[in-house]
Amino acid sequence: MNKVINIAAKNNIKEFDALIVGGGGSGMRTSLELAKSGLNTAVISKVFPTRSHTVSAQGGITCAIQSADPNDDWRWHMYDTVKGSDYIGDQDAIEYMCSEGPKAVYELEHMGLPFSRFENGRIYQRPFGGQSKDFGKGGQAARTCAAADRTGHALLHTLYQNNVKEGTNFLNEWFAVDLVKNSKNEITGVIAFSIESGEVCYLKAQATVLATGGAGRIYASTTNALINTGDGLGMTLRAGFPAQDMEMWQFHPTGIHGAGSLVTEGCRGEGGYLVNADGERFMERYAPNAKDLAGRDVVARSMVMEILEGRGCGPEKDHVFLKLDHLGADVLNSKLPGICELSKTFAHVDPIKEPIPVVPTCHYMMGGTPTNIHGQAFSRNDEKDFMVSGLFSVGEAACVSVHGANRLGGNSLLDLVVFGRAAGKHINEELKSGGGVDKASNEDIELAMSRLNTLNESESGYEVADVKKQLQTCMQSYFGVFRRGEFMEKGVKELKEIREKSENLYLKDKSIAFNTNRVEALELQNLLEVAEATAISAMMRDESRGAHARDDFPERDDENWLCHSLYDPVEKKLGKRDVNFVPKEVEAFPPKMRSY
Amino acid sequence: MELSVSLYRYNPEQDKFPYMKNYKVKKPKKDIMVLDLLNMLKEDDVTISYRRSCREGVCGSDGMNINGKNGLACITPLSEVLRGNKLELRPLPGLPVIRDLIVDMTQFYEQYEKIKPFLQSDSKPPEQERLQSPKDRDKLDGLYECILCACCSTSCPSFWWNPDKFVGPAALLQAYRFLADTRDTKKQERLEELGDPFSVYRCHGIMNCVSVCPKGLNPNKAIGEIKSMLLTGTKEDKIKVVGLE
């Protein structure tokens with residue numbers, strides 16, 4: 001039976017100008033730009049596009065559109081983002097995102113996104129963590145544009161709808177296995193298969209855009225969807241391309257205890273706050289000014305400290321409470337209806353009456369494939385960046401890098417529309433001015449088939465579910481909110497064994513039609529690549545910065561580590577790459593002590 | 001205590017006909033979701049196939065028929081659906097089955113695309129956003145939240161009969177989402193495309209859509225609004241009576 005799926009993909013080719021891998025927000029913003037430009041564009045997505053993880057984003061999209069505050073300034077947003085990144089976000093990219101942001105947000109509104117509104121009819125904005133006016137001197141800002149607490153859902157559906165309007169080709173429920181790389185190290189497309197029919201194809205393209213999102217499923221406890229398995233990064237790492245800042249994982253302060261579902265920061269933006277077992281609003285101690293709206297890394301660490309010091313809530317003292325009842329039923333029902341629903345379903349509490357039990361939960365991958373603001377992927381040779389022809393990346397999969405060591409709430413949705421749009425524009429110009437890539441040989445195509453073939457031919461080996469559990473437990477135990485060298489070394493060692501197993505998986509189910517066993521096995525191998533990159537990067541960065549907090553190196557070390565880390569998957573070594581401190585229009589923000 | 005789970009199984013390469021397969025599972029101590037239970041079963045039998053993604057009721061992947069009623073597996077607790085420790089899981093009714101609990105949703109998506117599910121406006125967009133009062137924006141509540149899980153359309157007898165001609169509750173809810181949007185200027189054209197005897201009028205108010213919607217939406221009400229717009233037009237748009245000329 002497995003013969004059918006092993007039909008050499010070289011005989012089955014679909015050709016496009018641009019191929020976007022991933023049908024979430026960033027992928028569909030890219031494809032929308034390209035479809036409008038008239039290029040033959042296809043989106044391949046392992047789920048129907050509106051099932052992508054962007055749908056789970058709640059609180060909003062942060063952008064200085066001067067609605068809540070007519071004096072707001074994108075430069076203030078830029079300052080907050082640089083500070084939030086603990087100074088390793090690239091300032092040229094952050095400048096581009098914050099200044100182009102308003103255009104991208106207005107476009108979304110024109111496409112029909114049902115934003116909530118102020119009385120004057122403009123887009124509703126709410127306060128989010130890490131936001132300030134006047135470069136940190138003017139108090140809390142309200143800069144996050146929202147559609148109630150379902151902004152991601154509204155955004156993703158709006159983008160899908162507009163792609164339908166523009167006639168984008170969708171290959172839905174197709175899975176990308178590996179990149180096809182020719183002898184000149186150019187990317188010429190991917191090997192992929194239809195999950196429904198099993199048909200294997202070489203999807204050939206002049207530009208391949210990885211918009212595959214994050215990989216939160218490397219952890220046992222995460223707000224991420226089950227599909228967030230880092231498939232794009234798995235492909236680039238296997239192809240020998242580096243990944244940047246992989247030690248930087250955001251733990252969201254408020255995941256529902258036990259279930260992991262996200263509770264938006266917008267709850268605290270609307271006036272909610274965290275309390276410990278004594279009923280104390282403890283964030284006042286850790287961040288006297290911003291309190292519950294400090295950076296996410298700061299809030300998450302404070303919560304863990306409270307729990308470690310015995311002031312956690314519940315019989316196990318293993319969580320804290322998010323108090324919302326004082327906001328009243330009206331605010332909760334109109335501004336946070338989705339949260340009320342989720343709390344009832346997953347925490348069995350009605351936030352109108354009782355607090356929600358929450359705990360820091362893995363949420364976002366700040367690292368990824370290094371790119372410039374056009375989405376072009378970089379690799380490195382002899383300490384020098386060079387562009388990988390044909391390869392692009394956008395959204396959470398990419399590291400452009402606007403989030404540095406810690407992302408601000410509401411900046412992920414902005415990242416994906418701004419850079420999805422930018423990549424689309426760039427690819428359009430590049431391809432229309434004659435750019436493109438050479439052919440791949442049959443051997444190149446066969447090589448990209450080998451992972452799938454090995455799996456299909458497996459006759460014995462390890463069970464997917466077992467190995468996945470080991471991987472997730474390992475990452476959760478040794479690479480969580482607080483990290484320590486000796487434990488991480490243990491974790492890296494364990495990952496070596498897990499790699500051995502993940503390369504010897506047994507695909508029990510060999511059938512063709514909608515074989516989810518096959519998909520999960522391939523996903524697990526991607527998780528492993530991401531986990532290993534994370535582990536080695538985290539072990540090597542011997543300082544604390546942003547989300548990367550080390551017990552054994554509690555201080556930030558600007559002398560040695562005011563830089564990106566760059567993980568080389570071939571040598572399994574960590575290099576360094578300069579942070580950009582040269583924005584175009586404003587003066588760079590120099591590193592300062594970061595306090596809230 | 002043991003649970004008896006009866007699962008609809010069909011693999012087109014092996015099975016001439018679908019069949020129900022029984023699984024015995026130890027009843028979990030705490031109340032878990034139907035999706036958690038499926039994940040447990042799949043660890044032992046990797047061939048069990050179903051869609052899932054967000055596992056929190058917002059992506060709409062895991063709509064299925066749970067003890068006779070359509071719902072999302074990820075937000076349906078066992079305690080709500082178990083009958084005498086028995087659970088029967090079947091694919092959404094009325095659509096072709098690809099494998100096990102996975103249905104072919106092509107017809108469902110085609111109906112969605114048919115209603116032109118995107119904002120259409122004759123006016124050039126301003127430099128900033130289009131203005132909309134909170135009151136006008138409120139008209140979209142209960143409409144835009146649809147997650148396209150298909151629980152409603154596949155519980156609708158009218159959709160079972162005419163999945164090609166009756167638009168179905170999910171897509172009609174979206175049709176009304178754009179009819180109700182003050183920013184959309186194609187109301188007349190939208191209504192004209194719905195005025196035939198099948199697209200809307202096959203809805204007989206059976207209300208299954210309302211009783212199964214996992215997001216608590218009310219497609220039946222939206223369909224009622226569309227019918228009334230078709231018959232009387234809306235005052236502000238002076239829409240002519242469609243289908244009754």
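Predicted model: local features only at pLDDT ≥ 70, side-chain atom pairs only at ≥ 80, totals over all residues.
In what order do the three strands of the open sheet in chain A stand? The order is 10-21-22, with antiparallel pairing.

- Strand 10 of chain A runs antiparallel to strand 21 (residues 563-568) of chain A, and two bridges join them.
- Within this pairing, A:Leu566 of strand 21 has A:Gln244 opposite.
- Lying across strand 21 and strand 22 of chain A you will find helix 16 (residues 516-540) of chain A, at about 130° to strand 21 of chain A.

**The nonpolar cores**
- The largest nonpolar core contains 149 residues, and among those with the most contacts inside it are A:Ile61, A:Val105, B:Leu89 and B:Ile226.
- Helix 4 (residues 91-111) of chain A contributes the most to this core, giving nine residues.
- From chain B, domain 1 (2-103) and domain 2 (106-238) each supply at least three residues to this core.
- A second, separate core has 60 residues, including A:Tyr202, A:Met475, A:Leu505 and A:Phe514.

**Where chain A meets chain B**
- On the chain A side, 64 residues are in contact with 57 residues of chain B.
- Together the two chains bury about 5,000 Å² between them, with 51% of it on carbon and sulfur atoms.
- Of the area that chain A buries against chain B, 14% comes from A:Arg51, A:His110 and A:Leu226, more than from any other three residues.

Terms used. Residues numbered from 1 in each chain as written. Chains lettered and ligands numbered in written order. Heavy atoms only, no water. Pairing = 2+ DSSP bridges. Helix = DSSP H or I, 4+ residues; strand = E, 2+ residues; numbered from the N terminus. Contact = heavy atoms within 4.5 Å. Axes fitted to C-alpha atoms, helices over the stretch in contact; angles between N-to-C directions. Core = buried A, V, L, I, M, F, W, Y, C linked by side-chain atoms within 4.5 Å. Buried < 20%, exposed > 50% of the residue type's maximum accessible area, 1.4 Å probe, protein only. Domains from an automatic or database assignment. Buried area = accessible area lost by both parts, 1.4 Å probe.
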